[in-house]
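Dear colleague,

I am handing over the structure below, and after it I set out what was found. Please read the notes with the coordinates open beside them.

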Amino acid sequence: MSADRGRSNALATLASLGAILALWWGVTASGLIAPLFLPGPSEVLLRLVDLARHGFVGASLLQHMAASLARVGLAMLFAVITAIPVGMAMGLYPRINAAIDPLIEFYRPVPPLAYLPLMVIWFGIGELTKILLIYLAIFAPLAIATASGVRRVDPGRIRAAQSLGANRDQIAWLVIFPSALPDILTGLRIALGVGWSTLVAAELVAATRGLGFMVQSASQMLVTDVVLAGIFVIALIALAIELVLRWVERRFAGWASAG
Amino acid sequence: MPVLSVERVSVTYRSKRGAVAALADVSVDVPSGEIVVALGASGCGKSTLLNVMAGFLKPTTGAVTVGGLPVTGPGTDRAVVFQDDALMPWLSAQDNVAFGLQMRGMGQAERRDAAREMLAQVGLEAFAGHAIHEMSGGMRQRVGLARALAVKPDFLLMDEPLGALDELTRERMQMLVLNLWQRSGKGIFLITHSIEEALFLATRLVLLSPRPGRIVQRYETGFARRFLAGEPVRAIKADPAFVAMREELSNAILAHEEEALAHVG
């Protein structure tokens, strides 16, 4: 029964993907839409192979990918190191929360593109500004998720640890942190989604490499098949990140969904 | 052997409707080798009493002492077994039992052996590597018991540990508690709202009444020792003396509740 349903669900997914692909192929092959606006699937695929072999605007596809992943990776690393302890402190101490929460809530809803110019004035047009922009986008959701995870920890668990002789630090890192880990990992998944989508904005500023830069310069040169190929690569990497983090959640916080 | 003493403890909460007395002038002793059971309906402050004894809650007046020394906070001399197990679900059964030993810096191999031994004592030696969510409610309470006993406390404080279990599992757990008590000789303080459970497990029984929570009766009972002397549990619970005392307690609880209601009304 459920296997049947799974199969028919997979069928529905394949059908909708197939329909889009067929429509795309139909309108381009028939000449209904000019290749300048929408190149056909085969051209985009060929362009992707060409990008991988010969690159675009001075760097191979792999180098563009590496530049983008390095930026997001570094930003995520710094965010994990800082946002999780800050979120823990916010969740544990209402006074720290009262001091920090308004700052986070103030900048969090502002689109990164809106404060990008300010950061260029302050930090120039180098890597620092790009990584900082992504870092800020990741920091807020991660800190907020950590704080709310900490607040939801069962007080009975803390009492149990106290009566078993745990000191403050042991309670923080061996009881509260693992209790909040499912929320932290969910927060990280959401934060990385936001971080990855901030990438293009960050790479608008004087970049010479990166997927966002590649798509942006291709669009200025009206090389539409590179634009499309770049968008597909960005989407595929986002999907890969999502799948990896879901695996991490199952592996390290599977107990939370197991009940 | 030390005594865990509650000396004239009162606990008053501040609420929107003014001060609420959760406990009023409660004194009770838990000597080593005795099982003191606090019996009472919900709202009689028995959990508050246990929290004060564990050191989770400071009394408004009065004091808790162990061997004459005042209790200032939670400690491994008074291990707690919780109603909702309060286990760490990301740890295996064995690592849960070893948690207290890990806190005091015991080496990994040493605490694994100690945890295995405790699990064997509660009949879970085959489940050492199991995750908590793979275990039933009764098994989780056994892990909770083993975890508390692993730190070698002088006293065991049990907060309605069997309240959420089905009837058969509950009786099996009652027997396990008595057997562990006999083997360890610790002082146990246990709270329950089940009259039968209180009578079967207690060597001393205190009856609490609500609004404000206070001790209204004290009994000495011998059914626990009769079980340990070899008498079957069914025979004890069917004994006319047991049945008569169950009725007496039941009436006492009802009478005190009506009195309290009349007092308020």
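Two strands are said to pair here if DSSP finds at least two bridges between them, and this is the sense in which pairing is used in what follows. Please keep in mind throughout that this is a predicted model.

On that basis, β4(B) and strand β5 (residues 69–70) of chain B pair in the antiparallel sense over two bridges, with B:Thr65 standing opposite B:Pro70 in β5(B). These two strands form a hairpin with two residues between them, and in its turn B:Gly67 has a positive phi of about 55°. Strand β4 (residues 61–66) of chain B also pairs with strand β1 (residues 3–15) of chain B, again in the antiparallel sense, through five bridges; there B:Ser10 stands opposite B:Thr61.

These pairings belong to an open sheet of four strands in chain B, in the order β2-β1-β4-β5, whose pairing is antiparallel. Because β2 (18–31) and β5 of chain B each have a single partner strand, they stand at the edges, and one side of each is left without a neighbour in the sheet. Helix α1 (residues 46–54) of chain B packs on this sheet, where the helix touches β1, β2 and β4 of chain B, and its direction makes about 120° with that of β1(B).

A second open sheet in chain B has six strands in the order β6-β7-β8-β3-β9-β10, and its pairing is mixed. Its edge strands are β6 and β10 (214–220) of chain B, each of which pairs on one side only. On average, neighbouring strands of this sheet are turned by 20° against each other, if direction is ignored. Within the sheet, strand β7 (residues 155–159) of chain B and strand β8 (residues 187–192) of chain B run parallel and are joined by five bridges, and B:Leu156 stands opposite B:Ile188 in β8(B).

Turning to chain B as a whole, the chain has nine helices and 10 strands. For 265 residues a compact globule would have a radius of gyration near 18 Å, and chain B, with 19 Å, therefore agrees with that expectation. The C-alpha trace of chain B spans about 60 × 45 × 35 Å along its principal axes, and buried residues make up 43% of its 265 residues. Of the contacts in chain B with a separation of 6 or more, 70% are accounted for by residues 24 or more positions apart.

Chain B is divided into domain 1 (3–77 + 155–264) and domain 2 (89–152), and the centres of these two domains, taken over C-alpha atoms, are separated by 26 Å. The contact between them takes 11 residues from domain 1 of chain B and 11 residues from domain 2 of chain B. On the side of domain 1 that touches domain 2 in chain B, the largest share, five residues, comes from helix α5 (residues 167–184) of chain B. By class, that side of domain 1 of chain B divides into eight nonpolar, three polar and no charged residues.

For chain A, the domain assignment gives domain 1 (1–33) and domain 2 (37–258), with C-alpha centres that lie 31 Å apart. Six residues from domain 1 of chain A and five residues from domain 2 of chain A make up their contact. The side of domain 1 of chain A that touches domain 2 of chain A has five nonpolar residues, one polar residue and no charged residues.

Finally, which residues bring the two chains together? The contact takes 20 residues from chain B and 16 residues from chain A. On the side of chain B that touches chain A, the elements that give two or more residues are β6 (78–81) and α2 (93–103) of chain B, and the residues of that side divide into 14 nonpolar, three polar and three charged.

With best regards

Key:
Residues are numbered from 1 along each chain as its sequence is written. Chains are lettered from A and ligands numbered from 1 in the order in which they are written. This is a predicted model: local features need pLDDT of at least 70, side-chain atom pairs count only at pLDDT 80 or more; totals for chains, interfaces and linings use all residues. Domain bounds come from an automatic or database domain assignment. Two residues are in contact if their C-beta atoms, placed from the backbone, lie within 7 Å. Ala, Val, Leu, Ile, Met, Phe, Trp, Tyr, Cys and Pro count as nonpolar, Asp, Glu, Lys and Arg as charged, and the others, Gly among them, as polar. Axes are lines fitted to C-alpha atoms, for helices over the stretch in contact, and angles run from 0 to 180 degrees between N-to-C directions. The radius of gyration is taken over C-alpha atoms; the globule rule is 2.2 Å times the number of residues to the power 0.38. A residue is buried if 20 or more other C-beta atoms lie within 10 Å of its own, exposed if 12 or fewer, and partly exposed in between; C-beta atoms are placed from the backbone.
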